[in-house]
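Reader: I'm new to this one. Could you walk me through a few of its helices and strands?

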Amino acid sequence: MIFARRPLVIGVVNVTPDSFSDGGRFHDVSAAVAHGLSLLAEGAGVIDVGGESTRPGAQPVEPATEQRRVIPVIEALAARTVVPISVDTRNASTAGAAIAAGATIVNDVSAGCHDPEMLGVVADAGVGYLLMHMRGEPATMQDDVRYDDVVAEVTEFLLERLAAARAAGIAPEQLGADPGLGFAKTTGHNLTLLGRLPELVAAVGVPVVVGSSRKSFLGRVLAGPGDDPLPVDRRQDGTLATVVWALDQGASAVRVHDVRSAARAMQVLEIMRRAYDGGLTDPEVAA
Ligand code: PMM
């Protein structure tokens, strides 16, 4: 499965009018395709195309609308690259249409809880399946943010959904898991999940993907005491810190909007890892 080829930077293309981070910027097909191609040039190892905003409080989008947004973009990108295209959807019909258009990964923020057909569609197609932890629906998820031990409870949920995916016929090597930063979690929960990431990685037993990019917990950490959270366009430094941390602490992939900086940070991290292992053989690097 693609996520096992770590480390990997997943570039986000949101074809939505209202995503929190980039809503409206790539809403038409040609802008979204151009953006996807630029993320590929910057080093994305997967392009994740979504047509439904899942920001806290977002209202659901009809699958037909979602498909009108993402299918032409996936078709165009799949025709231009061999890099895997993933579709960010909770809807089985959208997943099926995206697979027919060339997507080889389904990224489901509901982990198969939203649409009972989802696991079967993915199993039949034999594509990758990234399942994420969330509670309820994006419209209501921030109403349910109580945990006794967020790492244990998110891990338990992921294990249960991974078992359901396997039981539905999805091959184990096609699976990835994501703790769902920002989905039904407080700032403290998000930071705890990142801080204790190695525990979660060890427990779930499949490649772990982390999506911290531009999320509001970073805006809160970076704000001065008593200040409002920093706006989305001022969270890049924080994003990069979490990207490096997540990859160093065992994540296989990071899902980001700014691919260039994540890919370059990953490149430096990898060379430091080789140096740590005593494996620097490239004369140019060793000189
Ligand atoms: N976050 C968002 C959307 N999809 N998928 C996964 N697997 N993990 C995430 O953290 C995630 C996701 C929300 O961010 P966006 O609106 O900027 O895409």
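Reader: In which hand does H5 pass H7?

Author: Keep in mind that this is a predicted model. H5 covers residues 150-167 and H7 covers residues 197-204. Where H5 passes H7, the crossing is right-handed.

Reader: And why does H5 count as roughly parallel to H7?

Author: The axes of H5 and H7 lie 10 Å apart. Angles under 35 degrees count as roughly parallel. H5 is therefore roughly parallel to H7, as the two pack at an angle of about 25°.

Reader: Which residues in H7 do the H5 residues meet?

Author: From H5 come Val151, Val154, Thr155, Leu158, Leu159 and Leu162. Their partners in H7 are Glu199, Leu200, Ala203 and Val204.

Reader: Over to the strands: are the residues of E3 buried or exposed?

Author: E3 runs over residues 85-88, with Ile85 and Val87 pointing one way. Ser86 and Asp88 point the other way. Whichever way they point, all of them are buried.

Reader: Which residue stands opposite serine 86, and what is the hand of the crossover from E2 to E3?

Author: E2, residues 46-50, pairs with E3 in the parallel sense over four bridges. In that pairing, serine 86 has aspartate 48 opposite. Between the two strands the chain goes through helix H2 (residues 63-80), and the β-α-β crossover is right-handed.

Terms used. Residues numbered from 1 in each chain as written. Predicted model: local features only at pLDDT ≥ 70, side-chain atom pairs only at ≥ 80, totals over all residues. Heavy atoms only, no water. Buried < 20%, exposed > 50% of the residue type's maximum accessible area, 1.4 Å probe, protein only. Pairing = 2+ DSSP bridges. Right-handed = clockwise from strand over helix to strand, strands pointing away. Axes fitted to C-alpha atoms, helices over the stretch in contact; angles between N-to-C directions. Parallel < 35°, antiparallel > 145°, perpendicular 65-115°, else oblique. Left-handed = near helix turned anticlockwise from the far one by under 90°. Contact = heavy atoms within 4.5 Å.
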